[in-house]
Amino acid sequence: NSAQIVRAKPHLENRITNLLLNIDKTHHPVGRKELIKAGAIEAFIEYFSASKNKAKILEFVTKQQNSESPKTRQIAKTFLKKWEGFH
């Protein structure tokens with residue numbers, strides 16, 4: 001739902017992005033956090049082109065290539081393939 005909110009209310013993009021980037025600071029168990037990161041990356045795929053936080057998002061997604069979660073690793077690779085060369 002994060003991507004839908006950003007599309008409907010672009011002024012909230014910075015706040016939403018920061019919340020998604022700070023998943024490690026939540027109370028969830030490590031394994032759950034890794035799966036939540038997959039959902040965050042899926043949201044980033046939807047609104048990355050319009051984001052004002054591209055560098056932060058790219059850094060986050062790049063780190064997820066080494067995630068414990070196979071799903072998160074795969075989605076990170078998909079994201080980076082789609083946006084490779086984008087700076």
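Colleague: Is threonine 72 buried or exposed?
Modeller: This is a predicted model, and the value is computed from it. The relative accessible area of threonine 72 is 0%. The cut-off for burial is under 20%. Threonine 72 is therefore buried.

Colleague: In which helix is the place of threonine 72?
Modeller: The protein chain has five helices and zero strands. From the N terminus on, the order is α-α-α-α-α. Threonine 72 has its place in helix α5.

Colleague: Which residues is threonine 72 in contact with, leaving aside neighbours within four places in sequence?
Modeller: Contact here means heavy atoms within 4.5 Å. With neighbours within four places in sequence left aside, the list for threonine 72 is Glu34, Leu35, Lys37, Ala38, Ile41, Gln64 and Ser67.

Colleague: Isoleucine 41 is on that list. Where is the place of isoleucine 41?
Modeller: Isoleucine 41 counts as buried, because its relative accessibility is 0%. The element that holds isoleucine 41 covers residues 30–47. That element is helix α3.

Colleague: What does isoleucine 41 touch, not counting residues up to four places away in sequence?
Modeller: Threonine 72 is one of its contacts. Glutamine 64 is also among them.

Colleague: How far apart in space are isoleucine 41 and aspartate 24, C-alpha to C-alpha?
Modeller: In sequence, isoleucine 41 and aspartate 24 are 17 residues apart. In space, C-alpha to C-alpha, the separation is 14 Å.

Colleague: Which element gives the largest share of the largest nonpolar core?
Modeller: That core has 23 residues, and Leu20, Ile41, Phe44, Tyr47, Val61 and Phe79 touch the most other members. The elements giving two or more residues to this core are α1 (2–8), α2 (13–21), α3, α4 (54–63) and α5 (70–83). The largest share is seven residues, and the element that supplies them is α3.

Colleague: Is glutamine 64 buried or exposed?
Modeller: Glutamine 64 sits in the loop between α4 and α5. Not counting residues up to four places away in sequence, glutamine 64 touches Glu34, Lys37, Ile41, Thr72, Arg73 and Ala76. Its relative accessible area is 5%, so glutamine 64 is buried.

Colleague: What is the relative accessible area of glutamate 46?
Modeller: Glutamate 46 lies in helix α3. Glutamate 46 is partly exposed because its relative accessible area is 49%.

Colleague: Which residues is glutamate 46 in contact with, leaving aside neighbours within four places in sequence?
Modeller: Glutamate 46 and arginine 7 are 39 residues apart in sequence. Their C-alpha atoms are 8.9 Å apart in space. Neighbours within four places aside, the contacts of glutamate 46 are Ala3 and Arg7.

Colleague: What radius of gyration does the protein chain have?
Modeller: The C-alpha trace spans about 30 × 30 × 20 Å along its principal axes. With 87 residues, a compact globule would have a radius of gyration near 12 Å. The protein chain agrees with that, because its own value is 12 Å.

Colleague: How far apart are the mean positions of the positive and negative charges?
Modeller: The protein chain exposes about 5600 Å², with 53% supplied by carbon and sulfur atoms. There are 16 positive and 8 negative charges. The separation of their mean positions is 4 Å.

Terms used
Residues numbered from 1 in each chain as written. Predicted model: local features only at pLDDT ≥ 70, side-chain atom pairs only at ≥ 80, totals over all residues. Heavy atoms only, no water. Helix = DSSP H or I, 4+ residues; strand = E, 2+ residues; numbered from the N terminus. Rg over C-alpha atoms; globule rule 2.2 N^0.38 Å. Areas by Shrake-Rupley, 256 points an atom, 1.4 Å probe, with all protein chains shown as cover. Lys, Arg positive; Asp, Glu negative; His and termini not counted. Charge placed at Lys NZ, Arg CZ, Asp CG, Glu CD. Buried < 20%, exposed > 50% of the residue type's maximum accessible area, 1.4 Å probe, protein only. Core = buried A, V, L, I, M, F, W, Y, C linked by side-chain atoms within 4.5 Å.
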